[in-house]
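Reader: I have a chain to look over before I set anything up. Can we go through the fold briskly, one point at a time?

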Amino acid sequence: MTKPLGVILAGGKATRMGGGDKGLLPLGGGTLLDQVIDRMSPQVEAIALNANGDASRFASWGLPVLPDSIEGFAGPLAGVLAGLDWAAELGASQVVTAAADTPFFPHDLVARLEKAASAQNVTLALAATRDPDRGAMWQPTFGLWPVDLRDDLRAALSDGLRKVVLWTEKHNAARAVFDPDPFDPFFNVNTPEDLAHARSLQEITP
């Protein structure tokens with residue numbers, strides 16, 4: 001495979017949106033999930049969706065739906081692990097993840113993650129946003145993940161680890177830093193107000 005596999009993380013509880021799947025919220029004549037798929041598709045070899053519960057609600061997209069293999073709500077790392085296990089079955093060496101509620105992430109996300117990893121001679125990289133006051137801020141649901149670390153990740157999750165950056169720092173993750181101009185490309189929809197803002201951002205988003 002010349003490109004990594006893509007995994008869209010849709011396992012959040014969406015409590016601030018009243019529950020349900022944020023990816024199914026309407027945006028731009030489709031849904032948030034449609035926007036994410038459109039951005040990810042050119043950058044990866046194939047896409048799967050990490051989600052729990054009844055997979056049939058995503059049937060119209062025709063994507064593999066990967067449930068968490070870790071019991072309980074274990075957060076985004078559990079979705080990463082599901083993606084890595086899927087990739088291993090297909091003989092792939094890497095996956096790239098994106099969140100289902102972040103419709104404007106960069107068109108060059110994968111290229112920039114790969115460049116950052118190569119520059120630091122590592123196989124793991126995360127996205128970050130440049131903040132003028134706080135420096136580079138991690139975007140931990142957007143990463144390039146090597147399949148050969150999946151057993152290490154499984155063990156960490158089984159031991160109770162939940163914070164993404166605690167695990168990625170252990171493995172010297174590279175950082176691909178993106179500028180928030182004209183707005184943070186990793187803006188995500190958590191509330192009804194965010195959804196309204198996303199609709200206004202579509203007018204200035206390539």
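Predicted model: local features only at pLDDT ≥ 70, side-chain atom pairs only at ≥ 80, totals over all residues.

Reader: How far apart are the end C-alpha atoms of H2?

Author: H2 covers residues 76–89. At 1.5 Å a residue, its 14 residues should span 20 Å. The model agrees, with the end C-alpha atoms apart by 20 Å.

Reader: What radius of gyration does the protein chain have?

Author: The C-alpha trace spans about 40 × 40 × 35 Å along its principal axes. For 206 residues, a compact globule would have a radius of gyration near 17 Å. The chain agrees with that, at 16 Å.

Reader: What share of the contacts between residues at least 6 apart in sequence joins residues at least 24 apart?

Author: The protein chain holds 6 helices and 9 strands. Buried residues make up 49% of its 206 residues. Among contacts between residues at least 6 apart, the share joining residues at least 24 apart is 70%.

Reader: How far apart do the centres of the positive and negative side chains lie?

Author: The chain has 17 positive and 25 negative side chains. The centres of these two sets lie apart by 3 Å.

Reader: Which residues does the cis peptide bond with omega of about 10° join?

Author: Look in the loop between strand S9 (174–178) and helix H6 (192–201). Proline 182 is found there. The bond joins this proline to aspartate 181.

Reader: Is asparagine 121 buried or exposed?

Author: Asparagine 121 sits in the loop between helix H3 (109–119) and strand S7 (125–131). Its phi is positive, near 55°, though the residue is not a glycine. Exposed means over 50% relative accessible area. Asparagine 121 has 71%, so the residue is exposed.

Reader: What relative accessible area does asparagine 172 have?

Author: Asparagine 172 lies in the loop between helix H5 (164–170) and S9. This residue has a positive phi of about 55° without being a glycine. Asparagine 172 is exposed, with a relative accessible area of 55%.

Note on methods:
Residues numbered from 1 in each chain as written. Heavy atoms only, no water. Helix = DSSP H or I, 4+ residues; strand = E, 2+ residues; numbered from the N terminus. Expected span 1.5 Å × (residues − 1). Rg over C-alpha atoms; globule rule 2.2 N^0.38 Å. Buried < 20%, exposed > 50% of the residue type's maximum accessible area, 1.4 Å probe, protein only. Contact = heavy atoms within 4.5 Å. Lys, Arg positive; Asp, Glu negative; His and termini not counted. Charge placed at Lys NZ, Arg CZ, Asp CG, Glu CD.
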